[in-house]
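Come along while I look things up, one entry at a time.

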Amino acid sequence: MSETMRAVVLDKPGRVRVEEIPRPVIQSPTDAIVRVTTAAICGSDLHLIDRKIPGMEEGDVVGHEFVGVIEDIGDAVMTMEPGQRVVASMFPACGHCRSCMRHQYRTCPSFQIFGSGPGFGDLLGAQTDFVRVPLADMTLATIPDRMSDEDAVFTGDILATAYQGLADGGVRHGDSVAIVGAGPVGQLAVMCAPLFGVDQVFAIDLVPERLEAAKALGAIPVDARLGDPSDSIFDQTRNLGADVVLEAVGNEAALETAWSVVRTGGTVAMIGVLYDEDWPVSAGDNWLRAVTVKPIVGDPLTHRHDLLRLIETGKLDPARIISHTMSLDDAADAYQMFKEHRANKVVLKTGEE
Amino acid sequence: MTSYTNSDDVYTYIGGIFRDATADVDLGPKLAASGVILKLDYSNPDAVLVVDFPQGKVYVGDEGDALKPNITLYMTTDLAHSYWLGRVNAASALAKGQARAKGSIPKILKLAALAKPLFPRYEASLRAAGLDHLVDGADAK
Ligand SMILES: [Zn+2]
Ligand SMILES: [Zn+2]
């Protein structure tokens with residue numbers, strides 16, 4: 001077996017390249033090595049390659065949404081075995097600390113996100129042939145036999161994030177939900193919305209293809225190029241605004257839009273990646289409007305089992321938003337297409353099965 | 001409901017109370033200090049006013065089109081009229097969807113509070129013009 005493997009790494013800002021790097025080895029008895037078959041490109045990967053999140057340098061490996069087959073396990077791995085087909089949570093957690101007991105995995109001392117740099121634990125990315133998975137018993141979940149890799153890969157981050165935006169946003173039956181940003185995560189939130197019994201779901205964006213995709217999934221499209229989205233949302237919500245708003249972009253303009261469409265007493269769930277942005281309104285303004293704010297790092301560990309079931313029983317069909325399936329070797333092109341909105345959701349295949 | 005039947009009257013009386021407010025020796029400087037350029041977009045009858053508090057100017061119809069308001073309020077002319085008669089709770093009108101606001105909620109509520117001393121003058125201006133029916137026939141909102 002060769003000692004090196006392919007990996008998608010940061011190139012000059014805004015770009016990636018594929019290069020050979022050493023294959024990972026087991027470092028801790030709770031590790032597993034997974035042979036990656038399918039790795040998805042996520043919107044947050046674009047934040048990384050554009051260096052919005054500091055600390056990542058040229059040559060660092062990206063990727064946190066992946067499916068593969070267990071190649072090797074450490075001595076202390078109890079519930080997983082080589083040969084099993086698995087999907088990983090985008091971040092490991094220990095499963096037994098105080099935070100984990102409260103399902104607040106974000107503050108587990110073992111929290112680190114694959115391929116997201118030193119600010120997030122410096123764990124190598126998974127757009128590779130092989131990846132080291134810490135705390136394998138917690139981090140990995142086996143995939144039902146008949147489910148495709150392409151469906152399962154969504155449960156490791158993006159589908160769980162979309163679902164959690166609605167769940168933690170406290171969506172109730174009959175609610176009007178507005179999603180700012182109709183990219184892949186916004187589209188998946190539209191897909192999940194009927195599970196929460198919503199009355200109507202709006203998708204706000206500037207990109208016609210994305211609005212079309214959201215509409216095909218059941219959203220009322222709101223084209224922000226044609227006018228102030230708040231006019232459209234208030235017109236269609238008895239002048240009240242949306243009960244729950246998902247900010248699914250991760251920038252100041254999207255935050256501003258979110259606050260402009262939420263109703264008095266409503267909730268803004270921030271599922272986009274934010275780093276150093278300012279609030280769009282003052283604390284006092286927020287208080288006067290009684291807007292509840294939920295910053296969300298998607299939590300696959302809590303939701304993936306439910307999501308795998310919902311996919312298995314046909315209630316969710318995340319793979320339908322995949323526009324391109326490409327070889328890992330073509331990652332540079334894939335990123336470019338995704339960045340320029342020429343691709344909706346891209347999965348990279350390693351060629352392994 | 002008895003209310004305005006044409007936009008000219010809206011500009012005369014509601015516009016008038018804004019002109020009065022901006023020119024007031026006591027109130028004018030406080031309003032100017034708010035930095036607010038307020039656009040009022042009324043419906044039924046349709047009427048548009050833009051009040052430039054820092055400059056102390058009131059524009060009606062399309063006169064204010066070139067200005068860039070930092071607060072815009074949308075409501076029926078009836079609601080605006082009831083507000084000036086002191087019969088509307090501004091915060092609850094927004095929460096109930098009777099009015100729609102764009103811009104800073106704290107500033108809007110502050111302006112609403114500053115306006116309170118003007119309510120009797122608004123009523124007096126209508127009565128002075130012989131429009132008592134607009135006062136006596138108007139409902140509380
Ligand atoms: Zn992701
Ligand atoms: Zn833990």
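**Entry: where the chains meet.** I looked up the polar contacts between chain A and chain B and found seven residue pairs, both residues at pLDDT 80 or more. A polar contact here is a pair of N or O atoms within 3.5 Å; within protein, one must be able to donate a hydrogen and the other to accept it, and residues adjacent in sequence count only if both atoms are side-chain atoms. On the chain A side, helix 8 (229-235) and helix 10 (283-289) each supply at least two of the residues that touch chain B. Sorted by class, that side of chain A has three nonpolar, five polar and six charged residues. (Ala, Val, Leu, Ile, Met, Phe, Trp, Tyr, Cys and Pro count as nonpolar, Asp, Glu, Lys and Arg as charged, and the others, Gly among them, as polar.)

**Entry: how the model is read.** I noted that this is a predicted model, where local features need pLDDT of at least 70 and side-chain atom pairs count only at pLDDT 80 or more, while totals for chains, interfaces and linings use all residues. Residues are numbered from 1 along each chain as its sequence is written, chains are lettered from A and ligands numbered from 1 in the order in which they are written, and side-chain values use heavy atoms, with hydrogens and water left out.

**Entry: salt bridges and area.** I counted four salt bridges between chain A and chain B, each a side-chain nitrogen of Lys or Arg within 4 Å of a carboxyl oxygen of Asp or Glu. One salt bridge joins the side chains of A:Asp231 and B:Lys102, at 2.9 Å from N to O. In all, 14 residues of chain A are in contact with 13 residues of chain B (heavy atoms within 4.5 Å).

**Entry: two helices of chain B.** I found that the axes of helix 3 (residues 77-84) and helix 6 (residues 119-128) of chain B come within 8 Å and cross at roughly 115°. Helix 3 and helix 6 of chain B are therefore roughly perpendicular to each other (65 to 115 degrees). B:His81, B:Tyr83 and B:Trp84 of helix 3 meet B:Phe119, B:Tyr122 and B:Leu126 of helix 6.

**Entry: a backbone detail.** I saw that the peptide bond from B:Asn44 to B:Pro45 is cis, with omega near -10°.

Key: Axes are lines fitted to C-alpha atoms, for helices over the stretch in contact, and angles run from 0 to 180 degrees between N-to-C directions. Helices (H or I, at least four residues) and strands (E, at least two) are DSSP runs, numbered from the N terminus. Angles under 35 degrees count as roughly parallel, over 145 as roughly antiparallel, 65 to 115 as roughly perpendicular and the rest as oblique.
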